Amino acid sequence: LLEEALLGGSILGGGDDSSIDDALMLGELALKINSPVLLDVEDIDPNGTVITCATVTCPHRKKAPFANPRAHVRSIELLLESGLQRPAALIPNECGSGGVVNGWLQAAILGLPLVDAPCNGRGHPTPEMGSMGLHLLQEYQAVQAFAGGDPTQGTYIEGVLRGNVTTVSAMVRQDACIVGGLLAVARNPVKAGYLQENAAPGAIKLAIGLGKAVKAVRSGGGDAVTDAILSVLPGEVLCRGRVDAVDRFTAGGMDSGTAYVGEYSVSFWREYMTVEHGEEERLATFPDLITVVDAETGMTIGSSEIASDMDVIVIAVSRRRLLLGAGMRSPDLFEPVEKVIGKKMLQYLDL
């Protein structure tokens, strides 16, 4: 089911720029070692501890980051060495193009199950959006273990940070930039009972089902893939046409900008954020899922890849139709988005 999970994740990523090749490598390695067991949230003791597995990248990296599979397992080991008891299970941080398989390798090697309750059922630009609302709990102390970098270049680092969710997340991202682009992270232990209301139960199986539908028709090109997506996720095609121009800039260390398709504009900050018709009509607003499909090949196009002269199909699925974590219900987390893309978000959302 690896291919299906990655195909579904590339759609639910909503334009994220995670490396599918890296995710495929990790997933294949995990399957060679021991196929991970996927449990429903109801199948696990609500008092058991669950750890989130993630990869944190430097947004303004200039080359492909070094990714050692060993670092993913080491991040879990560091948490255990810091005093955390062996967890009952692992979860991925999101259902994005690469994030959907976060935790597979760790689960395979350490003999731990995965829970189908990722922190968020779609891709998101900031770590806080994938923290399941923990950033709002004053009594919660985040603990994040990280490992990564290239030992042959003297850039390998590892460590454990404790403190406020926002502060610790910012420090880990800074460390990712120092070592050249990527760190494996094990973070934010919670009791499994916390996942039911604050994570996105069922999102991994949704990604797999979405991937199966797309895999069956992708040879038919963009129209066939679009129909397959909309057969699983009730949504609509907002526009179709050739990309006239893309205004791109870096904000908050992440790829940002706007793509123009005829009378329509699609803004992005890592993920696609808004779709507008003309200057006044808002058609979709993150966390609505906005996915761009190549009209010829049927492949999804990430925000870092979209370019002039591409023939695209822009799809939107209402947030009400998605499986979303508590981070998508926190108004404060949308304020940085408004500042970066220069567009109102909260007035279009009923959070």
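**Core, strand pairing and enclosed space in the predicted model**

The largest nonpolar core has 62 residues, and Leu90 and Ile229 are the members with the most contacts inside it. Helix α7 (residues 203-215) supplies the largest share of this core, seven residues. The model is predicted. When residues up to four places away in sequence are not counted, Ile229 touches Ile11, Leu210, Val214, Val293 and Ile315.

Strand β3 runs parallel to strand β2 (residues 49-57), and four bridges join the two. Within this pairing, Val50 stands opposite Ala89, and Ile51 stands opposite Leu90.

Strand β2 also pairs with strand β7 (residues 182-191), here in the antiparallel sense and over eight bridges. Thr57 of this pairing stands opposite Leu182 in β7. Seven of the nine residues of β2 are buried, and the strand is therefore largely enclosed by the rest of the structure.

Strand β7 is joined in turn to β5 (142-148) by four bridges, and these two strands run antiparallel. The bridge partner of Ala145 in β7 is Ala186. Strand β5 pairs as well with strand β6 (residues 157-163), in the antiparallel sense over seven bridges; in β6, Gly159 is the bridge partner of Phe146. Because seven of the seven residues of β5 are buried, this strand is largely enclosed by the rest of the structure. Both of its faces are covered. One side of β5 carries Ala142, Gln144, Phe146 and Gly148, the other carries Val143, Ala145 and Ala147, and all of these residues are buried.

Backbone geometry was examined next. A cis peptide bond joins Phe286 and Pro287, with omega about 15°. Pro287 is found in the loop between β12 (281-285) and β13 (289-294). Two residues other than glycine are described here for a positive phi. Phi of Met132 is near 60°, and this residue is found in the loop between β4 (114-115) and β5 (142-148). Met132 counts as buried because its relative accessibility is 1%, under the 20% limit. Phi of Arg270 is near 70°. Arg270 is found in the loop between β10 (264-269) and β11 (271-277), and this residue counts as buried because its relative accessibility is 14%.

A further buried residue with a charged side chain is Glu4, which lies in helix α1 (residues 2-12). At 12% relative accessibility Glu4 falls under the 20% limit and so counts as buried. Apart from its neighbours within four places in sequence, Glu4 is in contact with Ala207, Ile208, Gly211, Lys212 and Lys215. These contacts of Glu4 lie within the residue range of helix α7 (residues 203-215), the helix that gives the core its largest share.

One cavity of 30 Å³ or more is counted, and the largest cavity has a volume of about 30 Å³. Its lining is made up of Leu26, His72, Val101, Asn102, Gly103, Trp104, Leu105 and Gln106. Helix α4 (residues 104-110) gives the most to this lining, with three residues. By class, the cavity lining has four nonpolar, four polar and no charged residues.

The second largest pocket holds about 260 Å³ of space. Its lining comprises 18 residues, and Asp16, Ser18, Ile20, Gly302 and Glu305 lie nearest the centre of the pocket. The pocket lining divides into five nonpolar, 10 polar and three charged residues. The lining of the largest cavity, by contrast, has no charged residues.

Conventions
Residues numbered from 1 in each chain as written. Predicted model: local features only at pLDDT ≥ 70, side-chain atom pairs only at ≥ 80, totals over all residues. Heavy atoms only, no water. Core = buried A, V, L, I, M, F, W, Y, C linked by side-chain atoms within 4.5 Å. Buried < 20%, exposed > 50% of the residue type's maximum accessible area, 1.4 Å probe, protein only. Contact = heavy atoms within 4.5 Å. 1 Å grid on protein atoms, 1.4 Å probe; cavity = no way out; pocket = protein on both sides within 12 Å on 5 of 7 lines; lining within 4 Å. Points joined across faces, edges and corners; volume = space filled by probe spheres on them. Pairing = 2+ DSSP bridges.
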